Amino acid sequence: MISRSATAHSLFWKLCAAALLLLLGLVLCARMSHPWTYNDDYNGAFWSQAARNLSRAGFLSTVGVPAPLYFGPPPIPADALYVHHPTLLADMMLFDRLLLGESERAARALPIFFSLLTAALLWLFLSMSCGWRGSAFILAFFVAAPMELHYGQMVNFEAPELFFLLAALCCFHLWRPRRTTGTAAALLLCCTAAMWIDWLGYLLVILLALQLMIEAPRRNAQMSAGLLLAALLSGIAFLAQIHVAVPGAWEELFDAFRHRSGHGDLSGGAFTAVQWLRTEYGYLTTLFHPVEWLLAAAGALVAFLGRRRLSAGEAAALHIGAALFAIDAFYICALRNQSYIHDFASFYFLVPIAIFSGFLIERIIRGIESRWPGYRTLAATLACCVLPAALIWSGIRRLDGIDTQFCILDDDDTEPATLMPDVGRLIDGAFPPNAVVICNFDRYYSPLPYYAHHVMANDVHTYADWQRAVSDAAPQAAGGIIWAAAPDAPDLVRRLPAPETRRVTVDGVPFILWRPFRPLRRSP
């Protein structure tokens, strides 16, 4: 029979977990309606445009393959289709758009939903093995990481992929002792969803199949074969899908893998192994608290040394952490270019760090309980609560320094935060839908075309290049927008016919619209 004190004790930790989930939701939703004007918002515009194109052109017209960088009118050309990744995320974004409409808030609702699902699943499943207190500490370390607080709301593969990877591992450990049809089906379903979102799903399936074959080849033959068959069928279906949409898609996919596993950087140069290690160290110590790394390492060491005394539930929890750590470590090391230019490649370390850190804290408290029960245990528990609370506070304070505004005016970080969407809306209203819009700014190809709803030729500074952009746009009409404060603006404006130009001001910034909609006259 459970005592009243034990019931009150578990209720306290449940309330703590509920408060952590609420806090995580509030932090993730803080920037929910913000336009795509931060550097890390690029993926949001990318996948929102993919959903827009699938909705406009029709799902079957592209066989479900997204076109996230095409901003012209339908039909969508084959060379605009994105064949480098599995396609389920784009389909989920299309469903999100149909359900909630098109807006930044609606797009961010998808990753926030999966981030909260991941946190809740992590807490509920591990409560069966680590108890309500231990699972609350694990959840606290998960919430404390700047990686989760910042990238948990990013519209990309990471949030839904982490949920399905974690769900697959939970189903795996529910299936092992009972081997029921329901848990087996749930495991295969979660693995299939993970494989159709991103490549880490394939890594997890291979890892689990190998483990089953090594542990008990005969007893586990059916499940290991089912996992590998699911991977094989998913891979074949994806290759067939992109081949139907783009006949040369396989070569393009192979080139993408070769590039992502290489040493190229964004400038067109190459990075060394030392530079890669230094960069990864910076990412891992900025987006995760160094204290969490130390706690997780100590927790892993304690678990390894005491592995023979672990309960079945504790072993399952630690296996989940170890599996996710292994596949993300392989992913980072194998795709060096990917992990060098994207600091969120280590997103999947969130769960391993939280599990091993929480496991260590729970072991410390249990050790004190067994030796000095009473007020000393209470004091130790309160002291242990201070650490994740301080890390959460520190993680929230770090958020402002993690990301910066994506500026369209030559890294002018003083430009108004609303300039990009406002300029985009100006372009959308000023030019015909099929016109190509040339501009002398936006060097790094921001999400401006998403708001402009037009194909754009960016960073064109000389009149000769301007003429070339007009020729390249044919047979589509061409127009332009010039940032009047740019050094090259006076020469461009002087060469354009005055009746075809109009001066406008957007958020206090001067621009000049050029709207001829006929071939550009050559200057003498």
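The largest cavity of this predicted model is lined by S48, A51, R52, M93, D96, R97, G101, E102, S103, A106, A107 and Y450. Two or more residues of this lining are supplied by each of α2 (42–57), α3 (88–100) and α4; helices (H or I, at least four residues) and strands (E, at least two) are DSSP runs, numbered from the N terminus. The volume of the largest cavity is about 70 Å³, and by class its lining has five nonpolar, three polar and four charged residues. In this division Ala, Val, Leu, Ile, Met, Phe, Trp, Tyr, Cys and Pro count as nonpolar, Asp, Glu, Lys and Arg as charged, and the others, Gly among them, as polar. The count of cavities of 30 Å³ or more comes to four. A cavity is a set of points, on a 1 Å grid over the protein atoms alone, where a 1.4 Å probe fits but cannot get out, whereas a pocket is an open set with protein on both sides within 12 Å along at least five of seven lines; lining residues have an atom within 4 Å of a point. Grid points are joined across faces, edges and corners, and a volume is the space filled by probe spheres set on the points.

Residues are numbered from 1 along each chain as its sequence is written, and side-chain values use heavy atoms, with hydrogens and water left out. In this predicted model, local features need pLDDT of at least 70 and side-chain atom pairs count only at pLDDT 80 or more, while totals for chains, interfaces and linings use all residues.

The second largest pocket holds about 440 Å³ of space. Its lining comprises 22 residues, of which H173, A312, G313, A315 and A316 are the closest to the centre. Helices α4 (104–144), α6 (158–178), α12 (290–305) and α13 (312–334) each contribute at least two lining residues, and the largest share, seven residues, comes from α13. The lining of this pocket divides into 14 nonpolar, five polar and three charged residues.

On the surface, a nonpolar patch is formed by I206, L210, M213, I214 and L228, with about 460 Å² of accessible area together. Patches are made of residues with over 30% relative accessible area and no salt bridge, nonpolar side chains (Val, Leu, Ile, Met, Phe, Trp, Tyr) being joined within 5 Å and like charges within 9 Å. A salt bridge is a side-chain nitrogen of Lys or Arg within 4 Å of a carboxyl oxygen of Asp or Glu. Accessible areas come from the Shrake-Rupley method with a 1.4 Å probe; for residues, only the protein chains shown count as cover. Helix α8 (residues 200–215) gives the most to the patch, with four residues, while L228 is found in helix α9 (residues 221–245). L228 counts as partly exposed because its relative accessibility is 36% (buried means under 20% relative accessible area, exposed over 50%, partly exposed in between; 1.4 Å probe, protein chains only).

Backbone geometry was also examined. The peptide bond from P74 to P75 is cis, with omega near 0°, and P75 is placed in the loop between α2 and α3. The bond from A474 to P475 is likewise cis, with omega near 10°; P475 is in the loop between α19 (463–473) and β3 (478–483). D442, a residue other than glycine, has a positive phi near 65° and lies in the loop between β1 (436–439) and α18 (448–452). At 0% relative accessibility, D442 counts as buried. D507, also not a glycine, has a positive phi of about 50° and lies in the loop between β4 (501–506) and β5 (509–514). D507 counts as partly exposed, at 34% relative accessibility.
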